[in-house]
Amino acid sequence: MSAVHVLNGPNLNLLGRREPAIYGTATLDDIRAMLETRCAARGVSLVFRQSNHEGDLVDWIQEAGGAGAPVILNAGALTHTSIALHDAIKGAEACVVEVHLSNVHARESFRSRSFISPVARGVIAGFGPLSYVLALEAVFENELRKS
């Protein structure tokens, strides 16, 4: 594995100031720094992106899938609405770990439905920024088992 793609959807650029009681005070840059350190220690590149536009995420999933690179995906609200992301993951045969900062199952009922979960390798939710770290460790563990 030469790279891990971490893709972030709508409104995640507001982390640190958006609803801190739910999402915490860590910013997306804080999360990126945590993951960069862990990737560098393993000699793996980190591709870290955020967009408020569904099409960007579709393009990036296809790019990662085509390269055979694992994806950690926090699609934000698109998790609950985007058939396009579901189809991109499936079509590109991308290995995706779905991530959420909050426990989506303990929130509004509409957040319990995910279009990503059925095509994801796994789901990690509810641990704040640690959710990303746990996802990264899962990616590393799965890649090591392939060797």
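Helices here are DSSP runs of H or I with at least four residues, strands are E runs of at least two, and both are numbered from the N terminus. Everything below comes from a predicted model, where local features need pLDDT of at least 70, side-chain atom pairs count only at pLDDT 80 or more, and totals for chains, interfaces and linings use all residues. Residues are numbered from 1 along each chain as its sequence is written, and side-chain values use heavy atoms, with hydrogens and water left out.

**View 1. Helix α3 and the elements it packs on.** Look for L57, V58, W60, I61, A64 and G65, which are buried (under 20% relative accessible area; exposed is over 50%, partly exposed in between, with a 1.4 Å probe and protein chains only). These buried residues pack against β1 (3-8), β2 (45-50), β3 (71-74) and α4 (83-92); contact means heavy atoms within 4.5 Å.

**View 2. Helix α2, one face in and one face out.** L28, I31, L35 and C39 are the buried residues of α2. Down the helix axis they fall within an arc of 65 degrees, so they line one face (the arc is that of the directions from the axis to the C-beta atoms). Turned away from that buried side are the exposed residues D29, T37, A40 and A41. Just past the helix, G43 has a positive phi of about 70 degrees.

**View 3. The largest nonpolar core.** A nonpolar core is a set of buried Ala, Val, Leu, Ile, Met, Phe, Trp, Tyr and Cys residues joined through side-chain atoms within 4.5 Å. The largest one has 22 residues, and V4, L35, I72 and Y132 touch the most other members. Two or more residues each come from β1, α2 (28-41), β4 (96-100) and α5 (130-146), with α5 giving the most, six. Apart from this core lies another, of 19 residues, including A64, V71, A88 and I116.

**View 4. Two cysteines, C39 and C95.** The whole structure has zero disulfides (pairs of cysteine sulfur atoms within 2.5 Å). The sulfur of C39 is 14 Å from its closest cysteine sulfur, in C95, too far for a bond. C39 is buried, at 1% relative accessible area, while C95 is partly exposed at 26%.
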